[in-house]
Amino acid sequence: MVDHRSVDVGGIRLAYQVSGPPEAPPLVLLHALGEDAADWDVVAPVLARSWRVYALDLRGHGRSDWPGDYSLQLMRDDVLGFLDALALDRVNLMGHSMGGIVAYLFAGEYPRRVDRLVLEDVPVPRPREQSTPIRPDGKLTFDWEMVLAVRRQVDTPDPEWLESLGKITAETLAVAGGPGSHVPQEGIAELARRVPQGRVVAIPAGHLIHNAQPTVFVDVVLRFLQPSLQADDELPLRNE
């Protein structure tokens with residue numbers, strides 16, 4: 001069962017979905033640019049068998065507020081406010097693409113708050129060729145001004161972001177999408193090297209790994225989050 005809730009964080013309403021046993025350890029999911037909490041629906045039910053799963057709509061997305069003020073650092077601090085509001089002291093954190101950037105910024109700034117960190121096809125913070133995105137037609141489920149602000153930061157990241165990777169104390173798994181992804185895979189490998197307890201695994205499914213290969217993705221993530229699992233353990237990977 002999934003509950004749809006919201007919480008006020010510094011005057012910003014953040015919507016989120018929560019599922020799983022209330023007494024289970026917390027796992028927070030951060031979506032990619034232009035997505036929302038529902039993007040995790042294909043894998044969240046399986047994860048919720050072992051974890052209390054919190055999937056956020058980051059600011060400017062979905063049912064959360066669209067305040068007009070956007071940056072990846074503000075999203076990072078929204079996550080802090082969210083954890084404080086729900087009295088979640090230490091969590092496991094997983095982010096896809098943009099959500100992964102928010103996740104590693106959070107883990108570097110607030111290392112005590114993160115136990116284990118999963119980064120799904122997340123680029124290393126190095127400058128890249130800038131381009132102007134084209135607004136899709138029709139009504140959007142996200143604020144287009146947010147897209148422009150975030151793209152500027154991803155194209156020309158703060159140099160301190162690269163250094164902040166070395167401040168992450170959480171055991172970290174970088175999941176790379178392989179040659180079918182638009183994210184440079186050598187950059188994902190570099191990101192994992194820069195995190196003191198980082199490692200990388202490739203699932204050749206393209207950028208949308210958890211949607212394209214949900215069974216393999218969940219298998220990899222659960223074995224990382226639950227290191228007591230043995231290689232021959234059977235996991236309940238399919239949502240029955």
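Which residue does the side chain of Arg223 meet in a salt bridge? The partner is Asp219, at 3.0 Å from N to O. Welcome to a short tour of the charged pairs in this predicted model, which holds 12 salt bridges. A few of them are picked out below.

**Within one helix**
- Arg223 and Asp219 both sit in helix H8, which covers residues 214–225.
- The two are four residues apart, so about one helical turn separates them.
- Arg223 is partly exposed, with a relative accessibility of 25%.

- Arg116, Glu171 and Arg199 belong to one network, joined by salt bridges that share partners.

**Between distant parts of the chain: Asp89 and Arg112**
- Asp89 pairs with Arg112 in a salt bridge whose closest N and O atoms lie 3.1 Å apart.
- This pair links two loops: Asp89 lies between helix H2 (72–85) and strand E5 (91–96), while Arg112 lies between helix H3 (98–109) and strand E6 (114–120).

**Between distant parts of the chain: Arg128 and Asp155**
- Another salt bridge brings together the side chains of Arg128 and Asp155, at 2.5 Å from N to O.
- Here a loop is linked to a helix: Arg128 is in the loop between E6 and helix H4 (144–155), and Asp155 is in helix H4, 27 residues apart from Arg128.
- Arg128 is partly exposed at 38% relative accessible area, whereas Asp155, at 3% relative accessibility, is buried.

Note on methods:
Residues are numbered from 1 along each chain as its sequence is written. This is a predicted model: local features need pLDDT of at least 70, side-chain atom pairs count only at pLDDT 80 or more; totals for chains, interfaces and linings use all residues. Side-chain values use heavy atoms; hydrogens and water are left out. A salt bridge is a side-chain nitrogen of Lys or Arg within 4 Å of a carboxyl oxygen of Asp or Glu. Buried means under 20% relative accessible area, exposed over 50%, partly exposed in between (1.4 Å probe, protein chains only).
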